[in-house]
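Take a first look at the fold below.

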Amino acid sequence: MPDVSPVLVTGAAGGVGAVGRTIVELLRNREVPVRAFVHREDERAEALRSTGAEVVVGDLAEAGDVIHAMTGCRRMYFGMSVSSRYLQATVTVAAAAREYGKLAALVNISQMTVSQMTLTSTTESAQQRQHWLCEQVFNWSGLPAVHIRPSVFLENPIFMTIAASSIARSDTMRLPFGSGRTSPIAARDVAEVIAAVLVDPTSHIGRTYELTGPRSQDMTAMATEYSAALGRPITYVDIPLQQWVDQELNVLGLPEHLREHVATMARLHRENRYDRLTHDVEAVIGRQPTSVHGWVAGHAALFARPEARRKP
């Protein structure tokens, strides 16, 4: 018999790439009942209701809110925006799920950096360290967990804000990656993998999926894909890491925890830590992940020159 209980989707209002919100939409398109957990009542919550999802408001670090949201659900997606409280929320969710005792699947979004981390490694960001610890918590809990470890999102501020700005200004992709290679993934591909696991989780329990784009390449090769997608030459310009942090990242005014995380991701790219390639997206959803060319073509307005944006 199909499971007709609602799937609990946390982080449903959307952060980078709006993975949670997209999971809700994908499940509702399949007529799967969904309970969307959001941090506040706003227009994003109303948009989720318009899909037919039930919306609950709460704090993932508050056990009472989590238990209330979890009641009646047997499948759950756990994810939230980059936060210094990420580990606290994870422990709260794991403890609540153990007490509840009725989850058949808990799909946890992590990140690929975790696969290269150890108990004592120190080169990663505070957020990446929390993700490593969060996986330990879920593994120790005995819950029916599935870990999803995506590479860097194409929607990450590195690409979607900073690189997009320099491309629009000067047709240059100004990033401090050196000759490092990377395999960024579209957030929608990640959401499709998670939705597929939530729909039929049995064969996935206990597994870890590492998700990348279709190729790992250096930034010069990525700039070639941007050029083809935008119909104008885009050039990669390597700049010193600290200069990039000072001139490009710090001016965004991000919270310190997030700023440090993005800066660390840039440094790890330069150290070639993102040179990874897997076929897990295709294994789960039966198609190749979105290419850089395809994603850029679909978001061309982000990279338009200022004068093009002013045209009526």
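The paragraphs below treat a sheet, a helix and a single residue.

This is a predicted model: local features need pLDDT of at least 70, side-chain atom pairs count only at pLDDT 80 or more, and totals for chains, interfaces and linings use all residues. Residues are numbered from 1 along each chain as its sequence is written, and side-chain values use heavy atoms, without hydrogens and water.

Start with the sheet. Seven strands form an open sheet with parallel pairing, in the order β3-β2-β1-β4-β5-β6-β9. Strands are DSSP runs of E, at least two residues; helices are runs of H or I, at least four, and both are numbered from the N terminus. Two strands pair if DSSP finds at least two bridges between them. β3 (54–57) and β9 (208–211) stand at the edges with a single partner strand each, so one side of each has no neighbour in the sheet. Three bridges join β1 (residues 7–9) to β4 (residues 75–78). Val9 has Tyr77 of β4 as its bridge partner.

Now turn to helix α8 (residues 219–230). Its twelve residues should span 16 Å at 1.5 Å a residue, and its end C-alpha atoms are 16 Å apart, which agrees. The expected span is 1.5 Å times one less than the number of residues. Just after α8, Gly231 takes a positive phi of about 75 degrees.

Is His261 buried or exposed? His261 counts as buried because its relative accessibility is 5%. Buried means under 20% relative accessible area, exposed over 50%, and partly exposed in between (1.4 Å probe, protein chains only).
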